[in-house]
Amino acid sequence: MSKLRLLFVKEAQASYISHLDLLRTMQRAFPRAELEISHSHGFHPHPIISIVLPLPVGQSSDCELLDFEVTQTTDGSGIAEKLNTGMPCGLRVLDCYEAKRPVRELALLKADVEWDYDNGVPEGAVKQLQELFARPELVIQKRTKRKDLADVDIAPMIRSVELRAEEKKVCGTVVVQAQNPGLNPQLLEKAIVRYLPELTPDFMRVRRREMLDAEGQIFR
């Protein structure tokens, strides 16, 4: 039995595949790589497969991770190439290797963000946004697991924000806390709406670039 980890890209049309549908898609792809997924024991056995940090629908990523167990003994060599022969458009496996690092060591998430302004970027927007995300307190309303709205201070979950203005959009890179608790970069827009409503963008895009450990090193 081997514990393996996939590194894969999720983009374009695939960015709109839900978490559960993505798991089903991956499960259907494994037989192409001649892999037999291990199952849990009990009355209702289920495949031992999980996505390390599920990506919100509509976002894209260069660094998605999926852990799974197979009945065979393998180090993952050649599996990525076999899986890619039948992957849907927008999904591409970059690597498959033994899952040695525990998920608890995943601490930070690095992502590119874009805020579109149909009528052009407001004057001074970048400076105001940089100052906003540097505040010691940024309280927004966020849905809890019970679907209730609760006030949450996201300032402690923001590690860095670097922004620049381009034609009709503000672009940049953010590093946020990944878990316990984690911050979805999409929620930065809620802070803009609450504190700088005049800078509310017409549309926002998020693309994950890297998952990092507490020291800022790439987590694999």
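A: Start with the lining. The second largest pocket has 18 lining residues, and those nearest its centre are Ser60, Met204, Arg205, Val206 and Arg207. A pocket here is an open set of points on a 1 Å grid over the protein atoms alone, where a 1.4 Å probe fits and protein lies on both sides within 12 Å along at least five of seven lines. Lining residues have an atom within 4 Å of a point. The space in this second largest pocket is about 310 Å³. That volume is the space filled by probe spheres set on the points, with grid points joined across faces, edges and corners.

A word on the source. This is a predicted model, in which local features need pLDDT of at least 70 and side-chain atom pairs count only at pLDDT 80 or more, while totals for chains, interfaces and linings use all residues. Residues are numbered from 1 along each chain as its sequence is written, and side-chain values use heavy atoms, with hydrogens and water left out.

Now the elements around the pocket. S5, S9 and S10 each give at least two residues to the lining of the second largest pocket. S10 gives the most, with six residues. Helices (H or I, at least four residues) and strands (E, at least two) are DSSP runs, numbered from the N terminus. By class, this lining has seven nonpolar, five polar and six charged residues. Nonpolar covers Ala, Val, Leu, Ile, Met, Phe, Trp, Tyr, Cys and Pro; charged covers Asp, Glu, Lys and Arg; the others, Gly among them, count as polar.

Next, the pairing of these strands. S5 and S9 run antiparallel and are joined by nine bridges. S5 and S10 (residues 203-212) also run antiparallel, with nine bridges. Two strands pair if DSSP finds at least two bridges between them. Lys110 shows both pairings. Its bridge partner in S9 is Val175. Its bridge partner in S10 is Glu210.

H3 spans residues 125-133, and its buried residues are Ala125, Leu129, Leu132 and Phe133. An α-helix has 3.6 residues a turn, so residues three or four places apart point the same way. Buried means under 20% relative accessible area, exposed over 50%, and partly exposed in between (1.4 Å probe, protein chains only). The buried residues of H3 pack against strands S5 (108-116), S8 (158-166) and S9 (169-177), and against helix H4 (188-195).

The largest pocket holds about 610 Å³ of space. It has 22 lining residues, and the closest to its centre are Lys142, Arg143, Gly182, Leu183 and Asn184. Strand S6 (139-143) and S10 are the elements that give two or more residues to this lining. The lining of the largest pocket has 11 nonpolar, six polar and five charged residues.

Asn180 sits in the loop between S9 and H4. Pro181 is in the loop between S9 and H4 as well. The peptide bond from Asn180 to Pro181 is cis, with omega near -10°. Phi of Asn180 is near 60°, a positive value in a residue other than glycine. Asn180 is exposed, at a relative accessible area of 70%.

Ala12 also has a positive phi, near 50°, and is a residue other than glycine. Ala12 lies in the loop between strand S1 (2-10) and helix H1 (19-29). Ala12 is partly exposed, with a relative accessible area of 46%. Within H1, Thr25 is buried, with a relative accessible area of 18%. Neighbours within four places in sequence aside, Thr25 is in contact with Pro88 and Leu91. Contact means heavy atoms within 4.5 Å.

Finally, the whole chain. The protein chain has four helices and 10 strands. Along the sequence they follow the pattern β-α-β-β-α-β-β-α-β-β-β-β-α-β. The C-alpha trace spans about 60 × 35 × 35 Å along its principal axes. Of the 220 residues in the chain, 44% are buried. Among contacts with a separation of 6 or more, 73% are between residues 24 or more positions apart.
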